[in-house]
2 protein chains.
Amino acid sequence: MIGSTSVGRVSAPTAARQPRPRDAEATKAALLRAATTEFAEYGLAGARVDRIAERAGANKRLIYVYFGDKDRLFDAVVDDQSRAVMAAVPLPDGDLVAFAAARFDYILANPEARRIAHWRAFERGEPTEEELAAYRLRLQAIAEAQQRGRVRDDLPAAELFALVLRMSEGWLAAPSALWAAAGGDPMAPERLARHRDAMLAAVRSVIQG
Amino acid sequence: MIGSTSVGRVSAPTAARQPRPRDAEATKAALLRAATTEFAEYGLAGARVDRIAERAGANKRLIYVYFGDKDRLFDAVVDDQSRAVMAAVPLPDGDLVAFAAARFDYILANPEARRIAHWRAFERGEPTEEELAAYRLRLQAIAEAQQRGRVRDDLPAAELFALVLRMSEGWLAAPSALWAAAGGDPMAPERLARHRDAMLAAVRSVIQG
DNA sequence: ACCGTGTAACTATCCAGTTAGTTACACGGC
DNA sequence: GCCGTGTAACTAACTGGATAGTTACACGGT
């Protein structure tokens, strides 16, 4: 009696749930957003494709239609995030203090961005040519600022940039044990403001030598 | 002909593979080491219990006997690593420069330690009471150094510690795109030495204000 | 008529955890 | 010295549920 299954299919003709409106772009965007949330939370290995589809309110199949497979969906999320950060956090005239401030603010407003970047570094390899170019531009901007005497020049630009990158995450990236040991709520607004000031003061100390 | 399998069993009476010598402590230690390597590489979600057993040359079942389950094995690895770092990287008299140097050296010699710590922060929650106590001690040491005027006191100890923690990872934790953009081999010994010096100079700048 | 968009049901594989044992060894009686 | 018995250490094979990826079909606009 194999054919009996067909009855089940027919039994829910149109009433069960209204189908998603047919808008490929919107669906794709919804999947990308859902994937961003899921990957940020669980990483590549921990993320679940079914959960992404569910979050997006879309059918799982569409992930494979639009993105290929789980890995390439992850890549799409990484590219998207990476481009967004690069655009939102510039390095105007090699000003590393402004950069650190912008990066801190961006990470605070978009916690997913930092997590995605970290998962990517840990679970997936090589940078894209686009990212590489972006980093080269930044190093160049720092080197120019050094020539103009606005940034100490006894340390290579790459060193300075690596340090400021780390510092600008502030304690948003600190071990939770440190938060706990320090007491209080590390995310309280006035605490964050003080923290931001402290971080920027430290960056200033570093780039002035 | 199901019984034919028994022939296979009989055919390799003692020659096939010599069993592991019966030493519970050694086996447990081998499993912990194998788990450390596996978890460092793949994280909690990406690690495979079978692979851990294989790496250790032990039977998978023993993981469940000795550690409970995958999560608790991960916890055991984290505790082990955490204790090792705390012991190897002291904060003598609140000297944050010495601390940064020791931490950099430790991470360089034990890359697994940093990866485990990060996976833990991302995939698993709360710090243990033991860690908390260790962090409190460190904050206290910094506060004392501040009182003795050896460390700037216009920034809270927790802020300074969070910053130095990040800085001391140097570009061992930097995005691979930065390495690539900077050119050359970032792990070459003389390059690392220069990097270490630069990082320590920056830490000095920060703690002196 | 057909293609792009969407759906539900299905499949093959993987994998954490279990079952049902076997093997090495210590120890006590003889 | 040897043998039986209990126990800790170890093992192979299995199981059930989860999960990435697929198939087969439906519908609507052009």
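Q: What percentage of the 209 residues of chain A count as buried?
A: This is a predicted model, where local features need pLDDT of at least 70, side-chain atom pairs count only at pLDDT 80 or more, and totals for chains, interfaces and linings use all residues. Residues are numbered from 1 along each chain as its sequence is written, while chains are lettered from A and ligands numbered from 1 in the order in which they are written. For chain A, with its 209 residues, the buried part comes to 36%.

Q: How many helices and strands does chain A have?
A: Helices (H or I, at least four residues) and strands (E, at least two) are DSSP runs, numbered from the N terminus. Read from that end, the elements of chain A go α-α-α-α-α-α-α-α-α-α-α. The tally for chain A is 11 helices and zero strands.

Q: Is chain A more spread out or more compact than the globule rule gives?
A: The rule is 2.2 Å times the number of residues to the power 0.38, and the radius of gyration is taken over C-alpha atoms. For 209 residues the rule gives 17 Å, but chain A has a radius of gyration of 23 Å, well over that, so compared with a compact globule chain A is more spread out.

Q: Which helices of chain B do the buried residues of H11(A) pack against?
A: Helix H11 of chain A covers residues 189-208, and its buried residues include A:His195, A:Met199 and A:Val206. Within chain A, those buried residues pack against helices H6 (96-109) and H9 (157-168). Across in chain B, their partners are helix H9 (157-168) and helix H11 (189-208).

Q: What kind of axis relates the two copies?
A: Superposed by least squares on the C-alpha atoms of residues with pLDDT of at least 70 in both, chain A lies on chain B with an RMSD of 0.1 Å. That takes a turn of 180° and a shift of 0.0 Å along the axis. The copies are thus related as by a two-fold rotation axis.

Q: Which helix of chain A gives the largest share of the side that touches chain B?
A: Residues are in contact if their C-beta atoms, placed from the backbone, lie within 7 Å. The contact takes 44 residues from each of chain A and chain B. With eight residues, the largest share on the chain A side comes from H9(A).

Conventions
Buried ≥ 20, exposed ≤ 12 C-beta atoms within 10 Å, placed from the backbone. Expected span 1.5 Å × (residues − 1). Contact = placed C-beta atoms within 7 Å.
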